[in-house]
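Subject: Structure handover, domain contact

Hello,

Here is the structure for your files. My notes on how its parts meet follow below.

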Amino acid sequence: MLKIDTSHHNESWQDLLAESIVTPEFLSGIFVIDKKAVKRVADKYPMRINPYFLSLIRTPGDPLWKQVIPDTAELDQEIFLKPDPLGEEPQSPVPNLIHRYPDRVVFMVSNQCAVYCRHCMRKRRVGQGDMVSQNTIDQGIAYIRSTKAVRDVILSGGDPLMLGNDRLENILSEIRNISHVRIIRIHTRIPCALPGRVDDVLAAMLGRFHPLYMNIQFNHPHEITREAAAACATLADAGIPLGSQTVLLKGINDNPEVMLNLMQRLLQIRVRPYYLHHADPVEGTRHFRTAVETGLKIMRHLRGRLSGIGVPQYMIDLPGGGGKIPLLPEYILETGPRTLKVKNFEGEVFTYPL
Ligand SMILES: *Cc1c(COP(=O)(O)O)cnc(C)c1O
(Lines give C-alpha, C1' and ligand atoms only; values in the text may rest on other atoms or scores of the structure.)
Protein backbone atom coordinates (compact mmCIF):
# COMPACT_ATOMS: atom_id res chain seq x y z
CA MET A 1 0.00 0.00 0.00
CA LEU A 2 1.09 3.52 -0.67
CA LYS A 3 1.60 5.84 2.25
CA ILE A 4 -0.48 8.66 0.90
CA ASP A 5 -2.20 11.19 3.06
CA THR A 6 -5.65 11.79 1.61
CA SER A 7 -6.87 14.02 4.41
CA HIS A 8 -6.46 17.12 2.29
CA HIS A 9 -10.06 17.89 1.53
CA ASN A 10 -10.43 20.95 3.72
CA GLU A 11 -7.22 22.66 2.75
CA SER A 12 -7.02 25.67 0.48
CA TRP A 13 -5.58 25.08 -2.96
CA GLN A 14 -2.61 27.26 -2.09
CA ASP A 15 -1.84 25.09 0.94
CA LEU A 16 -2.15 21.94 -1.15
CA LEU A 17 0.24 23.36 -3.71
CA ALA A 18 2.71 24.31 -1.01
CA GLU A 19 2.71 20.67 0.11
CA SER A 20 3.64 19.45 -3.35
CA ILE A 21 6.49 17.04 -3.79
CA VAL A 22 9.25 18.91 -5.57
CA THR A 23 12.40 17.08 -4.47
CA PRO A 24 13.68 13.50 -4.78
CA GLU A 25 14.06 13.37 -0.98
CA PHE A 26 10.35 13.80 -0.40
CA LEU A 27 9.48 11.50 -3.25
CA SER A 28 11.67 8.77 -1.81
CA GLY A 29 9.66 8.97 1.42
CA ILE A 30 6.66 7.71 -0.52
CA PHE A 31 7.89 5.53 -3.36
CA VAL A 32 10.94 3.42 -3.92
CA ILE A 33 12.90 5.48 -6.41
CA ASP A 34 16.48 6.05 -7.52
CA LYS A 35 17.05 9.42 -5.86
CA LYS A 36 20.12 10.30 -7.90
CA ALA A 37 18.39 9.53 -11.17
CA VAL A 38 15.30 11.52 -10.23
CA LYS A 39 17.51 14.44 -9.23
CA ARG A 40 19.29 14.46 -12.58
CA VAL A 41 15.95 14.64 -14.39
CA ALA A 42 14.32 17.14 -12.04
CA ASP A 43 17.35 19.45 -12.31
CA LYS A 44 16.54 19.81 -15.98
CA TYR A 45 12.75 19.53 -15.92
CA PRO A 46 11.15 20.49 -12.61
CA MET A 47 8.95 18.09 -10.70
CA ARG A 48 5.77 19.02 -8.89
CA ILE A 49 3.21 16.53 -7.64
CA ASN A 50 0.54 18.07 -5.47
CA PRO A 51 -1.07 15.96 -2.72
CA TYR A 52 -4.38 15.68 -4.60
CA PHE A 53 -2.85 14.27 -7.77
CA LEU A 54 -0.52 12.10 -5.70
CA SER A 55 -3.54 10.57 -3.96
CA LEU A 56 -4.87 9.39 -7.34
CA ILE A 57 -1.82 7.22 -8.01
CA ARG A 58 -2.86 3.63 -7.25
CA THR A 59 0.41 1.80 -7.78
CA PRO A 60 3.91 2.79 -8.85
CA GLY A 61 4.13 2.76 -12.62
CA ASP A 62 0.40 3.25 -13.18
CA PRO A 63 -0.92 5.73 -15.79
CA LEU A 64 -1.02 8.65 -13.34
CA TRP A 65 2.41 7.89 -11.91
CA LYS A 66 3.88 7.93 -15.40
CA GLN A 67 2.52 11.41 -16.04
CA VAL A 68 4.26 13.03 -13.06
CA ILE A 69 7.22 10.96 -11.82
CA PRO A 70 10.53 11.94 -13.46
CA ASP A 71 12.03 9.25 -15.68
CA THR A 72 15.62 9.13 -16.92
CA ALA A 73 14.23 8.54 -20.43
CA GLU A 74 13.56 12.30 -20.39
CA LEU A 75 17.30 12.85 -20.69
CA ASP A 76 17.68 10.75 -23.84
CA GLN A 77 18.92 12.83 -26.72
CA GLU A 78 17.72 12.32 -30.24
CA ILE A 79 18.63 14.61 -33.06
CA PHE A 80 15.16 14.95 -34.51
CA LEU A 81 13.68 15.96 -31.16
CA LYS A 82 13.73 19.67 -30.45
CA PRO A 83 12.89 21.74 -27.38
CA ASP A 84 10.52 23.81 -29.56
CA PRO A 85 9.64 21.66 -32.60
CA LEU A 86 6.42 23.56 -33.28
CA GLY A 87 8.32 26.79 -33.79
CA GLU A 88 6.45 28.66 -31.09
CA GLU A 89 9.27 31.07 -30.34
CA PRO A 90 9.68 32.28 -33.95
CA GLN A 91 5.92 32.91 -34.07
CA SER A 92 5.99 35.07 -30.97
CA PRO A 93 5.73 38.77 -31.89
CA VAL A 94 6.06 39.57 -28.18
CA PRO A 95 7.26 37.27 -25.38
CA ASN A 96 4.80 34.57 -24.28
CA LEU A 97 2.32 35.13 -27.10
CA ILE A 98 2.08 32.85 -30.13
CA HIS A 99 0.38 34.19 -33.24
CA ARG A 100 0.20 31.27 -35.68
CA TYR A 101 -3.28 31.48 -37.19
CA PRO A 102 -4.66 34.78 -38.48
CA ASP A 103 -7.57 35.05 -36.05
CA ARG A 104 -6.34 33.60 -32.76
CA VAL A 105 -3.43 33.82 -30.39
CA VAL A 106 -2.11 31.73 -27.53
CA PHE A 107 -1.21 33.98 -24.62
CA MET A 108 0.88 32.38 -21.87
CA VAL A 109 0.04 34.15 -18.65
CA SER A 110 1.69 31.79 -16.18
CA ASN A 111 4.49 29.29 -16.39
CA GLN A 112 3.46 27.43 -13.27
CA CYS A 113 1.28 24.32 -13.11
CA ALA A 114 -0.43 22.31 -10.40
CA VAL A 115 1.61 19.29 -11.50
CA TYR A 116 4.48 19.21 -13.95
CA CYS A 117 3.54 16.65 -16.56
CA ARG A 118 6.50 14.68 -17.81
CA HIS A 119 4.97 14.67 -21.31
CA CYS A 120 4.55 18.46 -21.44
CA MET A 121 4.93 19.98 -24.92
CA ARG A 122 6.31 23.14 -23.26
CA LYS A 123 8.70 21.42 -20.90
CA ARG A 124 11.46 23.71 -22.18
CA ARG A 125 9.87 26.55 -20.24
CA VAL A 126 7.39 25.51 -17.54
CA GLY A 127 8.34 25.92 -13.93
CA GLN A 128 11.62 27.68 -14.63
CA GLY A 129 12.69 31.24 -13.86
CA ASP A 130 10.45 34.26 -14.28
CA MET A 131 9.33 33.75 -17.84
CA VAL A 132 6.05 35.54 -17.19
CA SER A 133 5.97 38.98 -15.58
CA GLN A 134 3.60 41.93 -15.44
CA ASN A 135 5.72 43.36 -18.23
CA THR A 136 5.21 40.41 -20.60
CA ILE A 137 1.49 40.40 -19.77
CA ASP A 138 1.26 44.12 -20.59
CA GLN A 139 3.11 43.55 -23.86
CA GLY A 140 0.77 40.72 -24.78
CA ILE A 141 -2.33 42.78 -24.10
CA ALA A 142 -0.89 45.69 -26.09
CA TYR A 143 -0.22 43.35 -29.02
CA ILE A 144 -3.76 41.98 -28.96
CA ARG A 145 -5.17 45.52 -28.73
CA SER A 146 -3.20 46.68 -31.76
CA THR A 147 -3.87 43.56 -33.84
CA LYS A 148 -7.42 43.83 -35.15
CA ALA A 149 -7.40 40.36 -36.72
CA VAL A 150 -7.35 38.67 -33.32
CA ARG A 151 -10.87 37.47 -32.52
CA ASP A 152 -10.01 34.65 -30.13
CA VAL A 153 -7.54 34.79 -27.24
CA ILE A 154 -6.45 31.52 -25.66
CA LEU A 155 -5.00 31.93 -22.20
CA SER A 156 -2.49 29.17 -21.66
CA GLY A 157 0.81 28.59 -19.94
CA GLY A 158 1.77 26.90 -17.74
CA ASP A 159 -1.69 27.04 -16.33
CA PRO A 160 -3.68 30.30 -16.28
CA LEU A 161 -5.68 29.10 -13.26
CA MET A 162 -2.47 29.12 -11.22
CA LEU A 163 -2.91 32.89 -11.05
CA GLY A 164 -4.89 34.28 -8.14
CA ASN A 165 -8.44 35.44 -8.87
CA ASP A 166 -7.56 39.16 -8.81
CA ARG A 167 -4.66 38.85 -11.21
CA LEU A 168 -6.67 36.66 -13.57
CA GLU A 169 -9.65 38.99 -13.40
CA ASN A 170 -7.43 41.96 -14.34
CA ILE A 171 -6.12 40.15 -17.40
CA LEU A 172 -9.59 39.01 -18.44
CA SER A 173 -11.09 42.50 -18.12
CA GLU A 174 -8.31 44.05 -20.16
CA ILE A 175 -8.86 41.49 -22.90
CA ARG A 176 -12.65 41.75 -22.74
CA ASN A 177 -12.34 45.54 -23.18
CA ILE A 178 -10.76 45.04 -26.59
CA SER A 179 -13.73 45.20 -28.98
CA HIS A 180 -12.29 43.03 -31.77
CA VAL A 181 -11.73 40.12 -29.35
CA ARG A 182 -14.90 38.07 -29.58
CA ILE A 183 -14.12 34.96 -27.57
CA ILE A 184 -11.77 34.04 -24.79
CA ARG A 185 -10.58 30.52 -24.06
CA ILE A 186 -8.78 29.19 -21.02
CA HIS A 187 -6.59 26.13 -21.52
CA THR A 188 -5.95 24.48 -18.19
CA ARG A 189 -5.36 21.25 -16.34
CA ILE A 190 -6.55 22.54 -12.98
CA PRO A 191 -10.04 20.93 -12.89
CA CYS A 192 -8.24 17.62 -13.38
CA ALA A 193 -4.98 18.20 -11.52
CA LEU A 194 -6.10 20.37 -8.59
CA PRO A 195 -9.90 20.59 -8.67
CA GLY A 196 -10.04 22.25 -5.25
CA ARG A 197 -8.89 25.44 -7.03
CA VAL A 198 -12.33 25.65 -8.65
CA ASP A 199 -15.08 27.12 -6.52
CA ASP A 200 -18.17 29.29 -6.92
CA VAL A 201 -16.16 32.49 -6.55
CA LEU A 202 -13.82 31.57 -9.41
CA ALA A 203 -16.68 30.34 -11.59
CA ALA A 204 -18.75 33.48 -11.01
CA MET A 205 -15.76 35.68 -11.84
CA LEU A 206 -15.05 33.77 -15.07
CA GLY A 207 -18.75 33.89 -15.93
CA ARG A 208 -18.57 37.67 -16.18
CA PHE A 209 -16.36 37.41 -19.27
CA HIS A 210 -18.59 35.40 -21.57
CA PRO A 211 -18.32 34.11 -24.20
CA LEU A 212 -15.60 32.24 -22.35
CA TYR A 213 -14.73 28.64 -23.14
CA MET A 214 -12.51 26.23 -21.29
CA ASN A 215 -10.47 23.28 -22.51
CA ILE A 216 -9.14 20.89 -19.91
CA GLN A 217 -6.47 18.23 -20.23
CA PHE A 218 -7.71 14.82 -19.07
CA ASN A 219 -5.66 11.79 -20.04
CA HIS A 220 -6.97 8.81 -18.10
CA PRO A 221 -10.26 7.58 -16.57
CA HIS A 222 -8.67 7.53 -13.09
CA GLU A 223 -8.55 11.33 -13.29
CA ILE A 224 -12.37 11.55 -13.39
CA THR A 225 -12.96 11.68 -9.65
CA ARG A 226 -15.76 13.07 -7.53
CA GLU A 227 -13.65 16.20 -7.02
CA ALA A 228 -12.96 16.68 -10.72
CA ALA A 229 -16.63 16.12 -11.51
CA ALA A 230 -17.62 18.73 -8.93
CA ALA A 231 -15.15 21.26 -10.36
CA CYS A 232 -16.52 20.72 -13.87
CA ALA A 233 -20.11 21.01 -12.64
CA THR A 234 -19.29 24.33 -10.97
CA LEU A 235 -17.77 25.68 -14.18
CA ALA A 236 -20.52 24.31 -16.41
CA ASP A 237 -23.18 25.77 -14.11
CA ALA A 238 -21.54 29.16 -14.63
CA GLY A 239 -22.26 28.73 -18.34
CA ILE A 240 -18.73 27.87 -19.40
CA PRO A 241 -18.66 25.33 -22.26
CA LEU A 242 -16.09 22.71 -21.31
CA GLY A 243 -13.95 20.75 -23.75
CA SER A 244 -11.15 18.28 -23.24
CA GLN A 245 -7.75 18.01 -24.79
CA THR A 246 -6.24 14.59 -24.30
CA VAL A 247 -2.69 13.69 -25.24
CA LEU A 248 -2.18 10.24 -26.73
CA LEU A 249 0.49 8.76 -24.46
CA LYS A 250 2.27 5.42 -24.62
CA GLY A 251 1.53 3.20 -21.64
CA ILE A 252 -1.06 5.66 -20.34
CA ASN A 253 -4.00 5.78 -22.72
CA ASP A 254 -2.83 4.24 -26.01
CA ASN A 255 -5.56 1.66 -25.81
CA PRO A 256 -8.98 1.76 -27.50
CA GLU A 257 -10.92 0.59 -24.43
CA VAL A 258 -9.18 3.02 -22.06
CA MET A 259 -9.82 5.88 -24.45
CA LEU A 260 -13.46 4.88 -24.95
CA ASN A 261 -13.92 4.79 -21.19
CA LEU A 262 -12.28 8.19 -20.77
CA MET A 263 -14.47 9.82 -23.42
CA GLN A 264 -17.65 8.27 -21.96
CA ARG A 265 -16.78 9.58 -18.53
CA LEU A 266 -15.94 13.03 -19.84
CA LEU A 267 -19.38 13.29 -21.41
CA GLN A 268 -20.90 12.32 -18.07
CA ILE A 269 -19.19 15.23 -16.32
CA ARG A 270 -20.29 17.63 -19.09
CA VAL A 271 -16.90 17.89 -20.74
CA ARG A 272 -17.08 17.51 -24.50
CA PRO A 273 -14.05 15.75 -26.01
CA TYR A 274 -12.37 18.26 -28.32
CA TYR A 275 -8.91 17.16 -29.38
CA LEU A 276 -6.89 13.99 -29.05
CA HIS A 277 -3.35 15.24 -29.59
CA HIS A 278 -0.70 13.04 -31.07
CA ALA A 279 2.33 13.63 -28.82
CA ASP A 280 4.63 16.26 -30.35
CA PRO A 281 8.30 15.51 -31.11
CA VAL A 282 9.44 17.44 -28.05
CA GLU A 283 12.84 16.81 -26.50
CA GLY A 284 12.50 14.74 -23.33
CA THR A 285 9.20 13.10 -24.26
CA ARG A 286 10.21 10.45 -26.80
CA HIS A 287 9.16 7.60 -24.52
CA PHE A 288 5.54 8.80 -24.57
CA ARG A 289 5.14 8.88 -28.34
CA THR A 290 3.06 6.25 -30.10
CA ALA A 291 2.68 5.32 -33.74
CA VAL A 292 0.11 7.36 -35.68
CA GLU A 293 -1.52 4.03 -36.58
CA THR A 294 -2.29 3.56 -32.86
CA GLY A 295 -4.20 6.83 -32.80
CA LEU A 296 -6.07 5.97 -35.99
CA LYS A 297 -7.04 2.57 -34.59
CA ILE A 298 -8.39 4.27 -31.48
CA MET A 299 -10.38 6.73 -33.59
CA ARG A 300 -11.89 3.88 -35.60
CA HIS A 301 -12.85 2.18 -32.35
CA LEU A 302 -14.52 5.29 -30.91
CA ARG A 303 -16.62 6.04 -33.97
CA GLY A 304 -19.63 3.76 -33.75
CA ARG A 305 -19.23 2.86 -30.09
CA LEU A 306 -19.57 6.32 -28.62
CA SER A 307 -21.99 9.23 -29.03
CA GLY A 308 -20.76 11.42 -31.84
CA ILE A 309 -20.39 14.32 -29.39
CA GLY A 310 -17.85 12.22 -27.50
CA VAL A 311 -15.53 11.61 -30.45
CA PRO A 312 -12.59 14.04 -30.40
CA GLN A 313 -10.60 15.08 -33.43
CA TYR A 314 -7.21 13.40 -33.65
CA MET A 315 -4.66 16.13 -34.31
CA ILE A 316 -1.03 16.44 -35.20
CA ASP A 317 0.73 19.77 -34.80
CA LEU A 318 3.06 20.35 -37.73
CA PRO A 319 6.69 21.15 -37.07
CA GLY A 320 7.97 24.60 -37.80
CA GLY A 321 4.70 26.36 -37.08
CA GLY A 322 2.48 24.81 -39.74
CA GLY A 323 -0.46 24.51 -37.36
CA LYS A 324 -2.62 21.55 -36.46
CA ILE A 325 -4.32 19.17 -38.86
CA PRO A 326 -6.81 16.38 -38.15
CA LEU A 327 -6.00 12.78 -39.04
CA LEU A 328 -8.83 10.42 -39.90
CA PRO A 329 -8.92 6.68 -40.44
CA GLU A 330 -9.45 5.85 -44.11
CA TYR A 331 -13.18 5.52 -44.77
CA ILE A 332 -13.12 5.97 -48.54
CA LEU A 333 -11.73 2.98 -50.42
CA GLU A 334 -12.49 4.07 -53.97
CA THR A 335 -14.13 7.00 -55.71
CA GLY A 336 -15.81 6.05 -58.99
CA PRO A 337 -17.83 8.21 -61.37
CA ARG A 338 -21.15 6.89 -59.99
CA THR A 339 -20.27 5.33 -56.68
CA LEU A 340 -18.17 5.69 -53.61
CA LYS A 341 -16.75 2.54 -52.06
CA VAL A 342 -16.52 3.04 -48.30
CA LYS A 343 -15.76 1.12 -45.13
CA ASN A 344 -17.79 1.56 -41.93
CA PHE A 345 -16.53 1.49 -38.34
CA GLU A 346 -16.75 -2.30 -38.27
CA GLY A 347 -14.75 -2.68 -41.46
CA GLU A 348 -17.74 -3.64 -43.62
CA VAL A 349 -17.60 -2.37 -47.18
CA PHE A 350 -20.49 -0.43 -48.72
CA THR A 351 -21.16 1.09 -52.11
CA TYR A 352 -22.65 4.53 -51.86
CA PRO A 353 -24.50 5.93 -54.90
CA LEU A 354 -23.42 9.33 -56.18
C1 LIG B 1 -3.63 24.84 -31.00
C2 LIG B 1 -3.33 26.24 -31.23
C3 LIG B 1 -4.35 27.20 -31.40
C4 LIG B 1 -5.82 26.87 -31.29
O5 LIG B 1 -6.23 25.99 -32.25
P6 LIG B 1 -7.77 25.61 -32.35
O7 LIG B 1 -7.77 24.58 -33.42
O8 LIG B 1 -8.51 26.86 -32.71
O9 LIG B 1 -8.20 25.09 -31.02
C10 LIG B 1 -3.98 28.49 -31.67
N11 LIG B 1 -2.70 28.85 -31.76
C12 LIG B 1 -1.71 27.97 -31.60
C13 LIG B 1 -0.31 28.44 -31.69
C14 LIG B 1 -1.98 26.64 -31.33
O15 LIG B 1 -0.99 25.77 -31.14
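The protein chain splits into two domains, with domain 1 covering 13-75 and domain 2 covering 89-326. Please keep in mind that this is a predicted model. Between the C-alpha centres of domain 1 and domain 2 the distance is 22 Å. Domain 1 puts 25 residues into the contact, and domain 2 puts in 35 residues.

The area buried between domain 1 and domain 2 comes to about 2,600 Å², and carbon and sulfur atoms account for 59% of it. On the domain 1 side, the residues that lose the most area to domain 2 are Trp13, Arg48 and Gln67, which together make up 29% of what that side buries.

On the polar side, 17 residue pairs are in polar contact between domain 1 and domain 2, counting pairs with both residues at pLDDT 80 or more. The interface of the two domains also has 3 salt bridges. Separately, a salt bridge joins the side chains of arginine 118 and glutamate 74, with an N to O distance of 3.0 Å.

As for which elements of domain 1 touch domain 2, at least two residues each come from helix H1 (13-18), helix H3 (35-44), helix H4 (51-56) and helix H5 (63-68). H5 gives the largest share of that side, 5 residues. Sorted by class, the side of domain 1 that touches domain 2 holds 17 nonpolar residues, 2 polar and 6 charged.

Regards

Methods
Residues are numbered from 1 along each chain as its sequence is written. This is a predicted model: local features need pLDDT of at least 70, side-chain atom pairs count only at pLDDT 80 or more; totals for chains, interfaces and linings use all residues. Side-chain values use heavy atoms; hydrogens and water are left out. Domain bounds come from an automatic or database domain assignment. Contact means heavy atoms within 4.5 Å. Buried area is the accessible area (1.4 Å probe) that two parts lose on being put together, summed over both. A salt bridge is a side-chain nitrogen of Lys or Arg within 4 Å of a carboxyl oxygen of Asp or Glu. A polar contact is a pair of N or O atoms within 3.5 Å; within protein, one must be able to donate a hydrogen and the other to accept it, and residues adjacent in sequence count only if both atoms are side-chain atoms. Helices (H or I, at least four residues) and strands (E, at least two) are DSSP runs, numbered from the N terminus. Ala, Val, Leu, Ile, Met, Phe, Trp, Tyr, Cys and Pro count as nonpolar, Asp, Glu, Lys and Arg as charged, and the others, Gly among them, as polar.
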